[in-house]
Amino acid sequence: MARLKTYGLVLLYDLVLWGALWTGLVLLEFSSSGGLVGLWAFGALRWALHHSITLVLSDRKPQQVLRRWVAVLCLLPPVFESGRMVMVPASTADDLGLVPGPSMVVLALVSSTVACLAWELGFPDDGGNQGKEKKKKQEARAQLMRVVRYCKPDALYLAAAFLFLSLAVICETFIPYYQGKVIDTLRGQYQHNSFMYAIGGMGLVSLGSALCSGLRGGLFMCSLSRLNKRMRHMLFRNLVQQDIPFFEENKPGSLASRLGNDVDKMGRSVALNSNVLVRSLVKTAGMLVLMLGLSWQLTLLTMVEMPLLTLLQTKYNTYNQEFTKQLQDCQAQIKELASQAIGAVRTVRSFRAEEKELDRYNQALERMYKVQEHKGIISAVHLLLRRMVTVGLKVAMLFLCRRLISAGQLSIGSVLAFVLFQKDMVTNMKHLVYVFGDMLCTVGAAAKVFTFLDRKSDQKEAGELAPAKLQGKLAFHNVSFYYPSRPNTPALKAVSLELHPGKMTALVGPSGGGKSSCVSLLARLYEPKEGQVLLDGQPLHCYQHQYLHQKMALVSQEPVLFSGSIRHNIEYGLVGCTLEKVKEAAKSANVHDFICTLEQGYDTDVGECGGQLSSGQKQCIAIARALVREPQVLILDEATSGMDINTQHVVQGVLAGSVGQTVLVVAHRLQTVEKADQIIFMEGGEVVEQGTHQELMASKGRYHRLKEELFED
Ligand SMILES: Nc1ncnc2c1ncn2[C@@H]1O[C@H](COP(=O)(O)OP(=O)(O)OP(=O)(O)O)[C@@H](O)[C@H]1O
Ligand SMILES: [Mg+2]
């Protein structure tokens, strides 16, 4: 109701203004408002006055739709009269001197209201989202500037590319101009000199344009590849430094997609867009000058197309941006599903889960298809509206051409040149508008890259401690720990235990007891929530990262090998490790003899993730990889479970014989831990009992019961 009152008051005010104008003109006996200039001046004055009254009426916060309505209402009469003058130049003298009559006022009122209503219905104002939208745009701009900053090292290449681009465009702009000249020389009386001049000019600008275009393309590609390389390097470096929970949240497939597709897209779109932007700007400016020289009326008409197309394109961009983001997520998910299923094809096959995987893949494809479908529909509607605007204006232009030619103001050659220009001009403008939209849209890809690039690892930063002599005494003090994905279920509850140098400690207990969680904390893959893990009395995070992982070696429950040679896998991460040392470690891990039977020995490729080896062999190589570092602390989490008894005995012998080393062994098979100096029994995330095998058997507790159960089995 309040809104209607505001509109009513503005309307009343408008009528009063018109009344004042008419009365003033009658009283002063003027028959004219001063022609087109007067009309525009009065329009501008009305606009200013109306704008101030809307500010007063709406408490300085007028709605968008009210502002639009006021602008259209005030400026429609002068725009209409200007258009009439361009289209029907002959009528200038008769009508334009007169003040618009009441019929014109009513017409302006009705058309502006209808236009604003149509706009409101078609593109409703999203008041609540406006602040958000603005913020989003600001962010997009900031991200764009950040991409531009990353291009700084290639400034020289880019400057040269832009120079050649501008030269190419300038040459290109002149081509239609010379084409028009050729037509005119052919139409009139043939003059050899002017014909040759026109043809020569055309050839020269065509050649220049082609040459500069080629150079520009090469330079752009070059700087783009350099940017791509830099970005990927930075992103990968940051990714590998992230904490483990990050990798639990973000699947490898989608990370790979960010690293590949999104970085690519970000670089390419910015390079392409700036290319199109400069090209279109230079070309538009050049063509505008030439077109104005040919006919200002036709140029003005061409210009009408731009705001209409801009409007359509801006709306389209908003939708497109959203769909592109959704599409990217879908693509990342599809990639992730495919790589997961193909990577684990053996498991998929053995569980006959092909159908299930296909189903999941299909569902993801379906989701992507839906997004693509919506995107397609929006794009089709946008295209249709755009075509309608273009065709309508083309018809109007042809009418105007006929008038100008019959009035002798334009030659056929000029019309041809103009039509060629006009086609280019509209395309250019479209590009200009499109570029802004596309830049915002592809900034979506950049935004994702930047979130990963800016992410700081949640893990405490490693300290500087690196003592020359390390004893290797490890202690858990009241350690409680929760996995980030299960923040309410404790994996370890107030665990306290000690591992001594020169002693072998065994962690035993049922599945899910928390053994591997202890190992993960020792390897600093996670941080404890409460309590501390100490190495020689100092918290683990105080030690240098490199130092810690050199002094402490871990062989995990599911050792991971990398595709590459056996030697590469054993000396992984070490610099300057000799083959002799590798062989010695392999001998200790009882795998040297097997390696010697291979045709290429230590250079044999183990296949992806060590897929060409048995799991026992993989474990042996993983143990060799730990032993070759000669660590002070050695942690084996079920590291011998896949080995035959013989190999297990050899490895146990090596571990038992390692003087001064702190050894922690996690095992299910109780007979393998009987020889340990200390046995810790864990269950439900707690230490239930600890002592030597004899002590635990004598106390007849959980260890004893488990042993009995196994024996009965
Ligand atoms: N990455 C993880 N995210 C969330 N919870 C986990 C994760 N890894 C293990 N858990 C949970 O933490 C608890 C302890 O698991 P842990 O791997 O330490 O057991 P474990 O004693 O090593 O068992 P097993 O003998 O079967 O190897 C279990 O309840 C398990 O479900
Ligand atoms: Mg485990």
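Helix H18 (residues 579-588) is covered on its buried side by a set of elements that includes helix H17 (566-570), helix H19 (592-597) and helix H20 (615-627); helices here are DSSP runs of H or I with at least four residues, strands are E runs of at least two, and both are numbered from the N terminus. This is a predicted model, in which local features need pLDDT of at least 70 and side-chain atom pairs count only at pLDDT 80 or more, while totals for chains, interfaces and linings use all residues. Residues are numbered from 1 along each chain as its sequence is written, chains are lettered from A and ligands numbered from 1 in the order in which they are written, and side-chain values use heavy atoms, with hydrogens and water left out.

The residues of H18 that end up buried are Val582, Ala585 and Ala586, where buried means under 20% relative accessible area, exposed means over 50%, and partly exposed is in between (1.4 Å probe, protein chains only). Looking down the axis of H18, these buried residues fall within an arc of 100°, so they line one face of the helix; the arc is taken from the directions running from the helix axis to the C-beta atoms. Glu580, Glu584 and Lys587 sit on the other side of H18 and are exposed. Just after H18 comes asparagine 590, with a positive phi of about 60°. In the loop between H19 and H20 lies glutamine 600, which counts as exposed because its relative accessible area is 57%.

Helix H15 (515-522) is mostly covered, with seven of its eight residues buried. Those buried residues are Lys515, Ser517, Cys518, Val519, Ser520, Leu521 and Leu522. H15 also turns up in the cavity search, where a cavity is a set of points, on a 1 Å grid over the protein atoms alone, at which a 1.4 Å probe fits but cannot get out, and lining residues have an atom within 4 Å of a point. The search gives six cavities of 30 Å³ or more. About 40 Å³ is the volume of the largest cavity, a volume being the space filled by probe spheres set on the points, with grid points joined across faces, edges and corners. Phe476, Leu497, Leu499, Thr505, Leu507, Cys518, Leu522, Leu664 and Ile680 line the largest cavity. Two or more of these lining residues come from each of strand S2 (490-499), strand S3 (504-508) and helix H15 (515-522). By type, the lining has eight nonpolar residues, one polar and no charged (Ala, Val, Leu, Ile, Met, Phe, Trp, Tyr, Cys and Pro count as nonpolar, Asp, Glu, Lys and Arg as charged, and the others, Gly among them, as polar).

Most residues other than glycine have a negative phi. Arginine 524 has a positive phi of about 60° although it is not a glycine, and its place is in the loop between H15 and strand S4 (530-535). At 9% relative accessibility, arginine 524 counts as buried. Glutamate 630 has a positive phi too, near 45°, and is found in the loop between H20 and strand S7 (633-637). Glutamate 630, however, counts as exposed, at 57% relative accessibility.

Salt bridges number 15 in the model, each being a side-chain nitrogen of Lys or Arg within 4 Å of a carboxyl oxygen of Asp or Glu. Aspartate 454 pairs with arginine 146, with 2.8 Å between the closest N and O atoms. This pair links distant parts of the chain, 308 residues apart: aspartate 454 is in helix H14 (residues 412-454) and arginine 146 in helix H6 (residues 127-150). Aspartate 454 is partly exposed, at 43% relative accessibility. Glutamate 172 forms a salt bridge with lysine 283, the closest N and O atoms being 2.6 Å apart. Here helix H7 (residues 155-187) supplies glutamate 172 and helix H10 (residues 252-294) supplies lysine 283, 111 residues apart. Both glutamate 172 and lysine 283 are buried. Asp154, Arg226 and Arg230 join up in a network of salt bridges.

Helix H13 (residues 354-406) holds glutamate 357 and arginine 360, which are three residues apart and so separated by about one helical turn. Their salt bridge has its closest N and O atoms 3.6 Å apart.

How values were computed
1 Å grid on protein atoms, 1.4 Å probe; cavity = no way out; pocket = protein on both sides within 12 Å on 5 of 7 lines; lining within 4 Å. Contact = heavy atoms within 4.5 Å.
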